[in-house]
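Please have the model open while reading.

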Amino acid sequence: MPDLSIDVVAKAAGVHRSTVSRAFSRPEAVKSETREHILRVAEGLGYTMSPLAQALRRKTSNIIPLIVPDITNPFFAELAKTMTQAADERGYQLMLCVTNGDPAKSDGYFTAMQAMYAPFGIVAPSTKVDTEALKRFAFGHKVVVIDRVEGDDSVPTVTVDSRKGIMLALDHLHSLGHTSIGYVSGIAGTHTAQDRMDAYLELTAQSGSTPVVLDSGSDLDAGTRGAEHFLAMDNPPTAIIAANDMVAFAVISALGRSGLRVPEDVSVIGFDGLALGARFNPPLTTVRQPIADMGHIAIELAEKQNVDGSVDHIVLEPELLVRGSTSELRK
């Protein structure tokens, strides 16, 4: 058997090599009976067309990198899941790239994007976006960021109105009679985390209450430390807002280990709307981000920029999901 190639398949199928190429890369451009014949012949020969070979020849590919910091965080896992569906619907293949917070890995993924002729990429960062890296790899016009990019409006972005989300959380707790409300921050360094912290401080002060920041750390133990701070206080707040659902889960677990009940002894509310929250004990009251919409819109913005060069900044509205981790203040 000679080395398999597109020419070998074309000869065996009795068609031109360009017809074989279209059967794999643009099946809608080949008559169905011809396409099926070519695919049967190729399968019999054990031939598959390399996506990388197609990309090198056509100087473009259908591979979209999604660069995330941490796949163990359910937020990024849910984002990857919804973006895979959004990519499939548009004829793309999603490639998940995990940096584990290492900027050097981001550079490596940008290099790979160039080598594979990726039409664009999506970045969901855990720290401030390195706009210099985007420019260095000439991807400033081919990247959509799921966060805000400071000082550079040339990069399309998809964000959620964090201030509105914190306002929903505070309004909900106020309606339940809580006036002393603590706060535990999320990942430091992101605009999202800073926006939520700033909104909490501002809105709490406006309501006439004193802000109580239980922890403003940047690691996965922030929720546990926040609960420990709460337990050490002589007059702790009656409710806690966590900057994200993972922090809220940690707070509730730590309080439970100390013998405190949620929401009987303290109400806790998160921010994300992760599917896991509905199955937690107690089910988590949270501010839901439209994660599925974020993925779809990010791809739409990238496609639009490729077509007409437009740069859009979309801010999505959060919503409150009231579940079992919050209740009326008990006198």
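Axes are lines fitted to C-alpha atoms, for helices over the stretch in contact, and angles run from 0 to 180 degrees between N-to-C directions. Helices (H or I, at least four residues) and strands (E, at least two) are DSSP runs, numbered from the N terminus.

The model is predicted: local features need pLDDT of at least 70, side-chain atom pairs count only at pLDDT 80 or more, and totals for chains, interfaces and linings use all residues. Residues are numbered from 1 along each chain as its sequence is written, and side-chain values use heavy atoms, with hydrogens and water left out.

**Overview**

The chain holds 12 helices and 12 strands. Of its 331 residues, 47% count as buried (under 20% relative accessible area; exposed is over 50%, partly exposed in between; 1.4 Å probe, protein chains only). Contact means heavy atoms within 4.5 Å. Among contacts with a separation of 6 or more, 70% come from residues 24 or more positions apart.

| Helix pair | Angle | Axis distance |
|---|---|---|
| Helix 10 (residues 222–232) and helix 11 | about 45 degrees | 7 Å |
| Helix 5 (residues 74–89) and helix 12 (residues 291–308) | about 45 degrees | 8 Å |

Angles under 35 degrees count as roughly parallel, over 145 as roughly antiparallel, 65 to 115 as roughly perpendicular and the rest as oblique. A crossing is right-handed if the near helix is turned clockwise from the far one by less than a right angle, and left-handed if anticlockwise.

Helix 10 and helix 11 pack at an angle of about 45 degrees. Helix 10 is therefore oblique to helix 11. Their crossing is right-handed. Helix 10 brings Gly223, Thr224, Ala227, Phe230 and Leu231 to the contact; helix 11 brings Val247, Ala250, Val251, Ala254, Leu255 and Arg257. By class, this contact has eight nonpolar, two polar and one charged residues. Ala, Val, Leu, Ile, Met, Phe, Trp, Tyr, Cys and Pro count as nonpolar, Asp, Glu, Lys and Arg as charged, and the others, Gly among them, as polar.

Helix 5 and helix 12 also pack at about 45 degrees. That angle makes helix 5 oblique to helix 12. The crossing is right-handed. From helix 5 come Phe75, Glu78, Leu79, Thr82, Met83, Ala86, Ala87 and Glu89; they meet Ile291, Ala292, Met294, Gly295, His296 and Ile299 of helix 12. The contact has nine nonpolar, three polar and two charged residues.

Ser325 sits in the segment after strand 12 (319–321). Its relative accessible area is 0%, so Ser325 is buried. The Ser325 side chain reaches the backbone oxygen of Val268 at 2.6 Å. It also reaches the backbone nitrogen of Thr285 at 2.8 Å. A cis peptide bond joins Val262 and Pro263, with omega about 10 degrees. Pro282 lies in the loop between strand 9 and strand 10 (285–288). The peptide bond from Asn281 to Pro282 is cis, with omega near 0 degrees.

**Val41**

Val41 is in helix 3 (residues 32–45). Val41 counts as buried because its relative accessibility is 17%. Its C-alpha atom is separated by 7.0 Å from that of Ala12, 29 residues apart along the chain. Not counting residues up to four places away in sequence, Val41 touches Val9, Ala12 and Ala13.

Key:
A polar contact is a pair of N or O atoms within 3.5 Å; within protein, one must be able to donate a hydrogen and the other to accept it, and residues adjacent in sequence count only if both atoms are side-chain atoms.
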